[in-house]
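Hi,

Here is the structure I promised to pass on.

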Amino acid sequence: MAAGALWMMLVVGSLCPLVWGDQSFTIDYNRNCFLKDGKCFRYISGSIHYFRIPSSYWKDRLMKMYMTGLNAVQIYVPWNFHEPQPGVYNFRGDHDLEHFLNLTMELGLLVIMRPGPYICAEWDMGGLPAWLLNKKNIALRASDPDYLNAVDSWLSVLLPKLRPRLYNNGGNIISVQVENEYGSFVACDYGYMRHLHAMFRLYLGDDVVLFTTDGNADYFLKCGTLQDLYTTVDFGPVDNVTKAFEAMRRYQPTGPLVNSEYYTGWLDYWGEKHAVTPAGRVSQGLQAILESGASVNMYMFEGGTNFGYWNGADFPKIYKPITTSYDYDAPLTEAGDPTDKLLAIRSVISKFQPVPQGPIPPPTQKFAYGLVSLNKVGDLVDLLDILSPSNPFVTQFPITFEDVKQYFGFMLYRTRLTGDVPDQTPLSSVANGVHDRGYVSVNGTFYGVLERDSLKNVNVSGTEGQWLDVLVENMGRINYGSNLNDFKGLISNLTLGSDLLENWVVYPLNLDGPISQGWPHIMADRRLKMAQTEGRKGPAIYSGTFIITDIGDTYLKLSKWTKGQVWINGFNLGRYWPIRGPQGTLYVPGTILSLSQINNITVLELEGAPEQPVAMFLDRPILNGTYMEKTGGGHVKPEQRRRRRPV
């Protein structure tokens, strides 16, 4: 038995069974504190995203948070994670919110719920489902009837699941946030916030503490707060905590001070430096907050991973997609391992309240499985019968992902050349209309990339009748600011030289379906049929197999590969982009690996694989590797992002 599993059995077995009797959680505005069962109470909480962690690891992560001394956890609920299509709900497996909440109850952790409907969280579209964009002109986070109808339908499913879990009803949810950082959004629609307030009261009752969270400046709090919703703020390590809470006190004159997002680290963008916040600065800032008597939630306590296509993007001046890793330089790493920052935080907490006796649970086991050779299965355009088996869409001008109800991944746009193009001629996006990257080929010859806000021309040549292909990758929808209506695909026309391109054939691609069912490993003969394409550049599928004798977490490194997507045993690990960086490895949870069967790895390389296509499994991550600074925006630091005016 692994050491971590044995430790868990011993500690969990020694916990006293929890008895939840008559309970109350309210606010005492005279003594400026929360009242838990009639006594002044202060929570010390940490944010954890169940949707970024495999469900088999939830208990391990929560136990580590409990043993650090936290008495609460803060939880977002991403709407799009649970309602992928209108009226189709998923609360199973890694989506099983109620199972996660049961685990928090078992460990005696209180819960601060943040059910949105918008959550930001650096998650695709801030948690809003992309199918909302089926209505082109929908006004998100506002009193648009179409938006409100969808929100009301979702809340009618989600909130009844939470009501019996409220602390006042015998559960462990002590407070619930309405919307999220609404003061940072341009709409400033008080009618929308009042509507949400009424819905939350309808489903959750009049006794639960409802609150808002915004940056600690008047221009955020002006539109983010609402009468009868308790006002809280967020900020990272600061030199003067009293000053940091001044804006909150102007809008919330009495009641407990609360920092709902105390930043322990920060996120990473592709092409920029890995963000690091020193442990000493985080622990000193935490001590200052606790000395002020405030309640605090640390964001993040564990960040986790943007598996699949779930990462979001920012848009300060240019489009900035977020990396697959959401490690966040948090006290628990992406793989849930304790850090020096966690130990420093635990030491601070011990000065203010009792910390559970005993050691922090150990890291999960890590293994370096070594090299795995991969073979080319075929160029993507030669695999359309498998990856896009339905009839394509034929259209005069390009259509978006949302037009065909394909919300993630890739679509192939192709049109025939209407005449010879003997000389290198620029293929251009008329109005920066490639959202987000387009991989351009003519007759199977790869010419380059069109990239949103960056690469707007690719020179091509060809002869009349040949296919001009543009494979478009959705790199993640904007999750913060005024650009949430982030349509994907070719959102405007392309020109070749001075000619407007028309008569497109559009193939929505479903890679996850066949790969999750065992393709291409169950069709090894196809690899031989595609041998003539071995040296060709451009989008292509590669596959390989490996056997392991010990099972644990590992990290996948794709040296000399360019950019793409990886699946192991049908599980979508996410995007790799080592040439852009800073992330150099992908976290591979041991829970998706097998000791008893051959393990499969499938790679979609979008630009060019190395001459010897191999993958390497390491026992440690590389999150601060090569990076290429992009112009026009720069790295957005925590204090800059939360303090910038509503957009």
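To start with a detail: which residue is the bridge partner of Val-442 in strand 23? That partner is Leu-468. Before the rest, some housekeeping. The model is predicted, so to speak of local features I need pLDDT of at least 70, and side-chain atom pairs count only at pLDDT 80 or more, while totals for chains, interfaces and linings use all residues. Residues are numbered from 1 along each chain as its sequence is written, and side-chain values use heavy atoms, with hydrogens and water left out.

**Overall**

The chain comes to 15 helices and 34 strands; these are DSSP runs numbered from the N terminus, with helices being H or I of at least four residues and strands E of at least two. For 647 residues a compact globule would have a radius of gyration near 26 Å, and the chain agrees with its 25 Å (taken over C-alpha atoms; the globule rule is 2.2 Å times the number of residues to the power 0.38). Along the principal axes, the C-alpha atoms fill a box of roughly 80 × 55 × 45 Å.

Of the 647 residues, 62% are buried, meaning under 20% relative accessible area, with exposed over 50% and partly exposed in between (1.4 Å probe, protein chains only). Take contacts (heavy atoms within 4.5 Å) between residues at least 6 apart in sequence: 79% of them join residues at least 24 apart.

The largest nonpolar core has 148 residues, and Tyr-147, Leu-556 and Ile-601 have the most contacts inside it. Helix 5 (residues 145–162) gives the largest share of this core, nine residues. A core here is a set of buried Ala, Val, Leu, Ile, Met, Phe, Trp, Tyr and Cys residues joined through side-chain atoms within 4.5 Å.

**Strand 20 and its partners**

All six residues of strand 20 (residues 437–442) are buried, so the strand is largely enclosed by the rest of the structure. Arg-437, Tyr-439 and Ser-441 point one way, while Gly-438, Val-440 and Val-442 point the other. Strand 20 runs antiparallel to strand 21 (residues 445–451), joined by six bridges, and also antiparallel to strand 23 (residues 467–473), again through six bridges. (Two strands pair if DSSP finds at least two bridges between them.) On the strand 21 side, Ser-441 stands opposite Phe-446. Strands 20 and 21 make a hairpin with two residues between them, and Asn-443 in the turn has a positive phi of about 55°.

Elsewhere, four strands form an open antiparallel sheet in the order 14-34-29-32. Strand 14 (370–373) and strand 32 (585–588) are the edges, each pairing on one side only. Inside the sheet, strand 29 (residues 554–557) pairs with strand 34 (residues 614–618) over three bridges, and Tyr-555 stands opposite Leu-618.

**Two helices**

Is helix 2 (residues 58–68) enclosed or open, and why? Ten of its eleven residues are buried, so helix 2 is largely enclosed by the rest of the structure. Among them are Trp-58, Asp-60, Arg-61 and Lys-64. Gly-69 follows helix 2 with a positive phi, near 110°.

Val-241 lies in helix 8 (residues 241–244) and is buried, at 6% relative accessible area. Leaving out residues up to four places away in sequence, Val-241 touches Ala-288, Ile-289 and Ser-292. The C-alpha atoms of Val-241 and Ala-294, 53 residues apart along the chain, are separated by 9.9 Å.

Cheers
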